[in-house]
Amino acid sequence: MLKKIQIALLLALLILVCCGEPPATNGGKPAKVYRHAMDGAPGSLDPAQAASLYANFIVVTLDDTLYRYKYLARPYQLQPNLAAAMPEISADGLQVTIRIREDVYFMDDPAFANGKGREVKAQDFVYSIMRHFDPETRAQGAWLWQNRIEGLDRWKEQGSDYDSEVTGLRALDDHSVQITLTKPFPQLIHTLTQGYAAIVPREAVEAYGQMLSNHPVGSGPFRLASRDSARAVLTRNPDFRQQPFDLADEGYDPASQANLGLQVLQDRSPPFVDRLEFEFITEDAARWNAFTAGEVHFIKVPVSQFDNVLSQRNPVTLSPGFDGMYHFEASPESGFVYTNFNMDDERLGIHPDPEQNIRNRALRCAMVKAFDWDKRNEIFFYDIGRVFPGAIIPSVPEFDPAGDASYIQRDLKGARELLQANGWDEETLPTLEYGFPNSVTERQIFEQFRNFMMDAGYPSAKIRPMIFATYGDYQRAYSQGKVTLINSSWTMDYPDAENLMQLYYGPNSAPGSNSANYKNPEYDRLYDISAAMAESPERTENYRKMNQMLIDDCVSINGISRTLLFLWDRNAIMKPDRSFLGGYFLRFVDLAEPANTTP
Amino acid sequence: MNRRYITRRVLYGIPLILGVTFVSFLLMVYFGPDKTYELLGKNPTTEQISEVRRALGYDRAFLLRYGDYLRELVTLDLGLSDSSGEPVSVILKRTLPVSIALVLPGFILGNLMGLALGLLAAWYRGKWLDKLVMSASVVGMSVSFLVIIIGLQILLCTPYGLNLFPVRGWQVHDLGSYLYYVTVPTLALVLVTLGYNTRFYRAVMVEEIERDHIRTAQAYGASPRELLFRHVLKNSLIPVLTRIMFSVPFVVISGSLLLESYFGIPGIGLVTFNAITSGDQPILKAVVGLTGVLFVLALTVNDMLYSLVDPRVAKP
């Protein structure tokens with residue numbers, strides 16, 4: 001009897017292990033399938049709604065933008081994508097003319113006559129940008145071009161009629177676009193690299209309406225085969241234009257990139273794989289298990305695995321167990337984490353009484369002094385984040401290495417003295433609300449913050465947590481001025497310091513991105529002047545002055561740029577990137593050998 | 001079966017559905033997440049905020065919105081997801097079968113094994129076998145679901161263990177692939193539910209075993225098998241049925257969020273969790289409404305089964 005049971009169990013096990021998915025093929029050959037783990041899932045795949053990193057990753061592989069960044073060049077450099085060349089810009093910086101390539105077609109789709117994809121034209125670009133100003137689209141990218149392109153805001157006020165023309169956004173012919181700006185906007189080309197600016201055909205928008213978000217029609221190297229809450233599968237677009245890859249053109253640096261195996265891409269035309277599979281794995285443990293089991297080729301290493309993966313932190317070095325098994329990169333994020341003071345809150349912000357105003361500033365500065373960046377970095381960022389004073393992050397050229405380091409050094413004695421000198425004590429200190437969306441980590445960050453303040457004599461009961469169910473609810477609360485201490489982060493939209501300085505620009509106050517509601521006429525004046533300037537020593541000087549204003553006014557406890565760790569399979573030929581909503585590198589991913597025999 | 005009894009049970013269900021949907025809708029509207037700020041771009045103007053609120057229907061009167069909600073539930077035209085723009089009915093159609101296929105084997109096995117172990121423990125109550133089963137149940141109940149999932153993944157799905165099954169995925173196209181993807185989640189589900197089921201069923205059986213009619217049957221010389229299956233199990237079917245029936249809506253609608261998210265299975269649980277965290281009200285409304293309807297249905301079917309198992313229940 002026992003023997004029969006054993007045999008039955010063995011048979012059952014055999015059946016189970018023989019089960020599984022047959023390997024994918026491409027005309028009899030094993031298909032090249034690249035699997036990418038993402039730590040979140042995208043919402044809509046309509047370019048007009050591609051607000052998240054996750055959506056942008058997929059959108060820029062399905063659709064085309066006029067420009068992109070060179071795949072391998074660091075610092076980032078702009079490169080034409082659908083544009084035939086870099087733009088022609090008039091001497092006053094107000095007129096931008098862009099030529100568009102003539103060999104580009106949308107992928108075949110039933111939305112087109114006969115189901116055959118037609119040529120991408122200048123009118124499609126104009127239409128795609130106009131969609132952001134049509135309330136029906138529920139677009140999220142209008143802020144990039146709002147009040148910047150002549151007539152575009154007026155077009156919206158007049159009812160968003162696509163048959164009426166926008167004076168500042170015109171197709172001169174099928175392959176030329178002319179943009180007329182209301183004031184110089186050197187960042188315009190950067191905005192045209194983003195998923196928001198991806199080009200969609202009007203036929204598809206009219207055919208699918210809101211469902212375009214799940215039925216994308218673009219001209220990119222891949223097309224969407226399927227998508228659900230756990231994964232998205234993209235297959236090669238067989239009609240994608242021939243555009244041979246040129247290492248030198250993409251900014252290849254043999255000294256630092258020779259080990260990535262990218263040389264095999266030279267002169268070949270992307271896409272190089274048959275299928276891209278995005279696995280949306282929010283749980284760190286599951287993502288890590290999937291990676292170590294070889295089910296995905298790439299992972300952004302969860303912080304919980306840093307100890308396991310790294311042998312040392314400075315410089316960041318991979319453990320011997322992983323070295324040689326995987327490619328590895330430690331990449332500074334293009335953004336930062338900070339805690340803003342709500343300057344509209346008279347308890348610690350700007351007060352109509354000048355004396356109280358001085359006391360409030362002292363309170364903010366004392367809190368800045370009480371904050372321990374070393375501990376924050378050690379506990380939550382594995383001590384590999386980069387702490388810096390103000391809002392200019394170390395990865396932009398405007399960063400001043402000789403900046404005011406005292407702003408990020410803990411000075412408890414100074415904090416206590418400042419409080420005492422300005423008449424703040426346990427009785428008079430105001431009760432403050434510290435907001436965060438509900439999560440264990442956010443709660444831990446809050447407790448650490450409160451502890452720092454307690455060290456300087458702030459009563460524990462006077463720093464209260466305000467917890468919100470979702471980030472959206474939290475954002476609503478601080479946009480309505482209901483939160484005093486706003487813990488948040490910012491990821492740059494493009495590699496230009498203007499995108500950082502606008503975070504404290506008065507007109508961008510809540511509900512805008514200036515959640516501190518900082519309003520300093522001198523700061524705003526310098527911003528207005530500098531935002532219209534291209535990168536230059538003069539602009540750098542202005543930005544550094546503005547940064548010093550933020551420090552002098554103690555507007556925010558800032559900041560830290562996190563370091564992201566990437567690991568990827570040795571068979572995957574690529575240089576991953578997660579900056580500026582990223583994702584373009586997936587066009588150029590290749591696999592050394594078909595690696596899809598296990599599902 | 002008494003037709004009047006059934007009609008009465010069905011009619012009782014209507015106010016129950018209205019009550020459940022009204023309360024849940026009220027909570028969602030006034031205390032649920034607000035999607036507005038998730039859909040806004042950076043630096044929004046007050047006008048843009050109003051536009052999004054209007055597009056989401058947040059500016060409409062509560063009763064009008066509730067009326068629309070009921071109409072959507074009746075017609076099963078549940079609108080479009082605020083996040084992905086996909087019709088909610090399509091999402092449900094795609095995800096419900098996945099969740100059922102995922103949870104059903106574990107649900108059935110967990111209950112059958114719980115019943116068997118419960119019967120065994122009850123029969124040998126106070127003896128070492130009973131103590132062993134109960135102790136094992138307590139251990140099973142004490143281990144976190146998450147630990148079980150991660151442990152099984154490492155043990156069965158990675159090179160650190162046997163590496164026999166996938167860590168995640170659901171590319172099911174035939175029985176073989178189904179077994180390939182469902183085995184580890186099923187094991188996890190059985191391990192986590194078995195302790196609870198066994199303890200519950202044991203308590204029910206012990207109560208039944210101590211009744212007079214069992215002693216009478218014993219006096220008449222009934223064999224242990226006859227006693228357990230014909231007298232004990234049959235007469236304790238009412239609490240057993242209640243437990244199983246009331247679990248059905250969870251199995252159908254909620255799926256198992258942890259299983260789905262850790263094993264990357266695109267079922268209704270994962271969709272619901274994402275809808276909660278992102279404030280996707282059309283999906284939340286559909287899931288809450290359908291769960292309410294399913295509960296009422298389960299209640300009605302449960303009452304009908306009672307009357308089958310014990311005809312005295314249906315007597316007026």
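Chain B of this predicted model is built from 14 helices and zero strands, where helices (H or I, at least four residues) and strands (E, at least two) are DSSP runs, numbered from the N terminus. Read from the N terminus on, the elements of chain B therefore run α-α-α-α-α-α-α-α-α-α-α-α-α-α. The C-alpha trace of chain B spans about 85 × 60 × 35 Å along its principal axes.

Of the 316 residues in chain B, 38% count as buried; a buried residue has 20 or more other C-beta atoms within 10 Å of its own, with C-beta atoms placed from the backbone. Two residues are in contact if their C-beta atoms, placed from the backbone, lie within 7 Å. Among the contacts in chain B with a separation of 6 or more, 70% come from residues 24 or more positions apart.

Next comes the meeting of the two chains. Here chain A contributes 47 residues and chain B contributes 52 residues. On the side of chain A that touches chain B, helix 1 (2-18), helix 8 (284-292) and helix 14 (471-479) of chain A each supply at least two residues. That side of chain A has 18 nonpolar, 19 polar and ten charged residues; Ala, Val, Leu, Ile, Met, Phe, Trp, Tyr, Cys and Pro count as nonpolar, Asp, Glu, Lys and Arg as charged, and the others, Gly among them, as polar.

How confident is the predictor? Chain B averages a pLDDT (the predictor's confidence in each residue, from 0 to 100) of 89, and 97% of its residues score at least 70. The model scores ipTM 0.82 and pTM 0.87.

Residues are numbered from 1 along each chain as its sequence is written, and chains are lettered from A and ligands numbered from 1 in the order in which they are written. Because the model is predicted, local features need pLDDT of at least 70 and side-chain atom pairs count only at pLDDT 80 or more, while totals for chains, interfaces and linings use all residues.

Terms used: Buried ≥ 20, exposed ≤ 12 C-beta atoms within 10 Å, placed from the backbone.
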